Amino acid sequence: PDEVDALLATAQLRLLGGALGVERILVRPWDVRLNFRTGVVPRMASLQKVLQGRQLMVDVRRPMPLSLTLTRHGTEPILPTLVAAMRELAADPSVLG
């Protein structure tokens with residue numbers, strides 16, 4: 001069922017986010033808010049590379065500590081799209097520079 005898929009995707013997102021220094025994740029059907037821990041600043045070039053072509057718009061809500069809002073712009077569901085992007089980021093050791 002869709003609810004179980006959403007629950008599993010959210011759990012994956014939280015695990016991947018924790019490895020990338022994300023302190024808080026707020027998931028809604030149309031956007032996701034990522035708040036990073038104080039002192040954690042991922043490389044913007046890495047973020048841009050991973051999110052490019054994934055139908056997500058990135059808005060920097062606060063620079064310190066970094067807070068991003070990722071908004072869906074297209075037909076792709078936001079959770080699976082973001083989980084795939086976070087997996088790619090977590091596999092790149094230079095992300096947290």
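Is Asp31 buried or exposed? I looked this up first, and Asp31 is buried, with a relative accessible area of 6%. I use the words this way: buried is under 20% relative accessible area, exposed is over 50%, and partly exposed is in between, with a 1.4 Å probe and protein chains only.

**Before going on**

I am working with a predicted model, where local features need pLDDT of at least 70, side-chain atom pairs count only at pLDDT 80 or more, and totals for chains, interfaces and linings use all residues. Residues are numbered from 1 along each chain as its sequence is written, and side-chain values use heavy atoms, with hydrogens and water left out.

**Entry: salt bridges**

I counted 3 salt bridges, taking each as a side-chain nitrogen of Lys or Arg within 4 Å of a carboxyl oxygen of Asp or Glu.

Asp31 pairs with Arg28, and their closest N and O atoms are 2.8 Å apart. Arg28 is partly exposed, at 33% relative accessibility.

I then turned to Arg54 and Glu88, whose closest N and O atoms are 2.6 Å apart in a salt bridge. This pair links distant parts of the chain, 34 residues apart: Arg54 sits in the loop between H2 and E3, and Glu88 in helix H3. Those labels are DSSP runs numbered from the N terminus, with helices (H or I) of at least four residues and strands (E) of at least two. Arg54 counts as buried because its relative accessible area is 19%, while Glu88 is partly exposed at 35%.

I also found Arg61 and Asp59 meeting through their side chains, at 3.0 Å from N to O. Asp59 is partly exposed, with a relative accessible area of 29%.

**Entry: the cavity**

How many cavities of 30 Å³ or more does the whole structure hold? My search found 1. On a 1 Å grid over the protein atoms alone, a cavity is a set of points where a 1.4 Å probe fits but cannot get out; a pocket is an open set with protein on both sides within 12 Å along at least five of seven lines; and lining residues have an atom within 4 Å of a point.

The largest cavity holds about 90 Å³ of space, a volume being the space filled by probe spheres set on the grid points, which are joined across faces, edges and corners. I noted 14 lining residues, with Leu34, Phe36, Leu47, Met86 and Leu89 nearest the centre. Strand E2 (31-36), helix H2 (44-51), E4 and helix H3 (78-90) each give at least two residues to this lining, and H3 has the largest share, with 4. The lining is made up of 14 nonpolar residues, no polar and no charged. Here Ala, Val, Leu, Ile, Met, Phe, Trp, Tyr, Cys and Pro count as nonpolar, Asp, Glu, Lys and Arg as charged, and the others, Gly among them, as polar.

I looked next at the largest pocket, which has about 200 Å³ of space. Its lining includes Asp2, Asp5, Arg28 and Arg72. Helix H1 (2-19) and H3 are the elements that give two or more residues to the pocket lining, and H1 supplies the largest share, 4 residues. I sorted the lining into 8 nonpolar, no polar and 4 charged residues.

**Entry: Met64**

Last, I found Met64 in the loop between strand E3 (56-62) and strand E4 (67-72). Met64 is exposed, at 57% relative accessible area.
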